[in-house]
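Please look over the structure shown here with its charged side chains in mind. The briefing that follows takes up how they pair.

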Amino acid sequence: MTNTIKRGVTAYSYNKEFGLTMNLDDIMRDISDTGAKGIEILANSHIPEYPYVSDEWIEKWKRSLNKYGLEPAEYAQWVDSREYAGRELSTQESIDILERDFKLAHKMGFKILRTKLGVIDDTLTPVKNWPDFIKGALELAEEYDVYMCPEIHSPSLLDSKMVWDYCNFIEKEGTDRFGLNVDFSLFQEGKNALVGYDDGFPHPDQEHSPVSDFEQFIKYTIICHAKFMKVDENFREVVIPYNKIMALLRKHNWGGWMISEYEGAKADVPGHTSEQIKRHQIMLKKLLGE
Amino acid sequence: MLEKDLIQARGFKNTVSEDGTVTGFQVRVRLVYYRGIWLSQIRPGSVFVDGEEYKPDQIKWKFGNKVYSVDELSQTGDIMWNLLEPATLFVVKPGGLSMGYHDVKVDYLFSSSYMPPVIDTLISETTTGDHKRKLLLVE
């Protein structure tokens, strides 16, 4: 059986317009216009009463999904380890934060969580107690039917100790409730100058992973962030090698959500992100043969 | 809707107590970031008006219907500063500000746990640090 790659879009893409020229309803309409079926939201950003959400709001959310023909694809959450100045969150505090999100994500219909962990150094090594609180949350994840996925994102490299630590954890615990969110920023080949960034922020030119490194991690990959910086008028991403990435995923019959995430220049120009999302979705449709 | 600038012109006015005394002024600021943050993540700074500094302990922050001192902010880890709702800063200044234009500068930072600790507040320095706006006050 062929696994299906499903197209989605993250509401994060529109962050420079959110609250100024677009609300969540506008974002959902924009996504539905592309035929994408999945939406990612950021708990901290797009849930107005977070973390104490009323049943009325949940009902409103479900009506909106229905109206725009969208499925809840991914729910971004954070364990903000340095939430309080001068100390790190304890293991139990971290589990409690995870559980609070599991409950809410479950109510909103999400199964896949982008679980962002705090880091302790320049190479983005996660906090030391991550295996303790992730392990401590595995049963809860089962109970609420959710999957925790740390995002592997540039400047991290895919074939690195951090990622192997995650994969070894998965093997050791024999769990499928923890897996990778692979962000395609990892595979950037072209220079930032090509996408219109001149100050090097937020993605300075640096070492990236070759697409071939992805092969050994595909079995641990639950969801993909189809990161893009610029899609040109011919519907080609100018710095990220989508042809190679897609060919590899198809070779391994990978199935799951592929979430368009725009992180390019001019995101504060009204309408620019919407157009880029459309171009990117056209590119994905072509690559997927839709 | 939000105003694009971090410092919101809407809501800039003097504050008056129940007995009619002008106790200070208020100014609203929005969270210029892509995600909401816990109140304890805020690293409050000073407010400057026409060059005069009002230090964090002279300022209270209002979120929703609740007013917090900076000490209270640092201990509040389960209330989120929502992106769509500017915070109202209440600044103590007996007599308030005069009618007319004022150069207002606001400083606040916040911590981001997924950034290396040595640059904990770097993201916020580029987005929310050192903001200035000329505002007009009526009363």
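**Salt bridges in the predicted model**

A:Arg7 is buried, having a relative accessible area of 7%, where buried stands for under 20% relative accessible area, exposed for over 50% and partly exposed for what lies in between, computed with a 1.4 Å probe on protein chains only. This is a predicted model, in which local features need pLDDT of at least 70 and side-chain atom pairs count only at pLDDT 80 or more, while totals for chains, interfaces and linings use all residues. Side-chain values use heavy atoms, with hydrogens and water left out, residues are numbered from 1 along each chain as its sequence is written, and chains are lettered from A and ligands numbered from 1 in the order in which they are written.

**Overall count**
- Over all chains there are 26 salt bridges, each being a side-chain nitrogen of Lys or Arg within 4 Å of a carboxyl oxygen of Asp or Glu.

**The pair at A:Arg7**
- A:Arg7 forms a salt bridge with A:Glu290, at 2.9 Å from N to O.
- The two partners are 283 residues apart, with A:Arg7 in strand β1 (residues 5-10) and A:Glu290 in the segment after α8 (272-288) of chain A; helices (H or I, at least four residues) and strands (E, at least two) are DSSP runs numbered from the N terminus.

**A linked network**
- A network of salt bridges links A:Lys111, A:Glu142, A:Asp145, A:Asp176 and A:Arg177.
- Within it, A:Asp145 pairs with A:Lys111, their closest N and O atoms lying 2.3 Å apart.
- A:Asp145 is partly exposed at 23% relative accessibility, and A:Lys111 is partly exposed at 43%.
- A:Asp176 and A:Arg177 form a salt bridge with closest N and O atoms 3.9 Å apart; A:Asp176 is partly exposed at 48% relative accessibility, whereas A:Arg177 is buried at 7%.
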